[in-house]
Amino acid sequence: MIRSMTAFARVTTGAKDRQWTVEIRSVNHRYFDFSAKLPQSLNALESKIRDLVNSEVKRGKINISISREAAENEAGKISLNQPLLKVYAGMARQLRKQFGLKGDLTVAEMLALPGIFISESVLQAPEKEWTTVEKVLKQVLKQAVAAKELEGAKLAKDISGRLKTIAGAVGKIEALAKGRTEIIYQKLTERVAKLLDEKEKDPERAYREVAFLAERSDVTEEIVRLRGHLDLFASRMKSQAETGRELDFLCQEMHREINTIGSKSQLFEISTEVVFVKSELEKIREQVQNIE
């Protein structure tokens with residue numbers, strides 16, 4: 001099943017006095033790129049959170065934000081971070097001594113320093129919070145995956161339509177190219193026969209060159225490979241695995257085959273179809289960049 005790499009989901013749950021909010025944003029990225037904005041009490045759980053997200057999302061730039069609403073009864077559970085205060089004060093004394101500075105840190109300035117206040121919840125073992133956080137995170141991941149699959153279904157529909165259009169154009173190319181090698185051989189032979197002085201040149205060698213040039217104009221192999229890539233592409237779109245990178249590779253292979261057909265073709269009608277197919281392949285590849 002095709003999944004888009006773009007998604008957004010948010011879940012808030014828990015008791016009124018202890019509500020957790022988890023938000024996930026996912027945008028296009030070549031690999032799995034994870035970042036998290038966590039409360040201080042959950043910093044030690046970042047690797048667990050990353051692993052859980054990665055179990056459901058394989059590609060994309062993922063931003064996770066987790067926050068908890070402070071309860072009213074937690075107002076008295078906030079205290080000063082005494083060890084950090086001592087560090088700040090020591091650094092201030094060192095600066096004054098080293099550079100001959102004057103002045104002291106005021107209470108207001110000390111209270112404005114980062115990390116000065118600490119909640120009792122931070123001092124608790126983060127594993128105590130993990131059960132609730134894991135539950136909310138799974139809910140938000142479920143929503144995000146559903147959004148990815150919904151958007152992926154739209155992408156799949158668009159791509160499938162373009163694949164059918166390309167298959168039709170390839171059929172036209174095949175019909176136009178049928179018997180083209182023999183026609184080119186005859187025209188080249190007639191041209192060589194008019195220009196060739198059989199008394200001074202080797203006619204057999206000339207005709208071998210003609211046959212070689214005529215064979216080079218045959219696009220049968222390229223058409224067979226191109227159709228094979230189209231079939232494989234359609235098949236992989238139905239796979240349950242992550243197929244974004246593979247589909248991107250198949251787009252490159254199809255583009256290579258149609259380019260070869262274009263370079264071999266000496267017929268305007270075939271060149272026209274080649275340009276059309278390349279345009280459709282480019283649109284498909286743009287869509288594939290959004291697939292997980």
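**Figure 1. A nonpolar surface patch formed by Leu80, Val107, Leu111 and Phe117**. In this predicted model, the four residues together have about 370 Å² of accessible area (Shrake-Rupley method, 1.4 Å probe, with only the protein chains shown counting as cover for residues). Patch residues have over 30% relative accessible area and no salt bridge, and nonpolar side chains (Val, Leu, Ile, Met, Phe, Trp, Tyr) are joined within 5 Å; a salt bridge is a side-chain nitrogen of Lys or Arg within 4 Å of a carboxyl oxygen of Asp or Glu. Phe117 belongs to strand β6 (residues 117-119); helices (H or I, at least four residues) and strands (E, at least two) are DSSP runs numbered from the N terminus. With a relative accessibility of 46%, Phe117 is classed as partly exposed (buried is under 20% relative accessible area, exposed over 50%, partly exposed in between; 1.4 Å probe, protein chains only).

**Figure 2. Helix α2 (residues 82-99)**. The end C-alpha atoms of α2 are 26 Å apart, in agreement with the 26 Å that its 18 residues should span at 1.5 Å a residue (the expected span is 1.5 Å times one less than the number of residues). Leu85, Tyr88 and Ala92 are the buried residues of α2. They fall within an arc of 65° seen down the helix axis, so they line one face of α2; the arc is that of the directions from the axis to the C-beta atoms. Pro83, Lys86, Gln94, Lys97 and Gln98 are exposed on the other side of α2. Gly100 follows α2 and has a positive phi, near 65°.

Figure 3. Leaving out residues up to four places away in sequence, Val27 touches Met5, Thr6, Gly60 and Lys61. Asn63 is 36 residues from Val27 along the chain, and their C-alpha atoms are separated by 8.8 Å.

**Notes to all views.** Residues are numbered from 1 along each chain as its sequence is written, and side-chain values use heavy atoms, without hydrogens or water. Because the model is predicted, local features need pLDDT of at least 70 and side-chain atom pairs count only at pLDDT 80 or more, whereas totals for chains, interfaces and linings use all residues.

Methods
Patch = residues over 30% accessible without salt bridge, like charges linked within 9 Å, V, L, I, M, F, W, Y side chains within 5 Å. Contact = heavy atoms within 4.5 Å.
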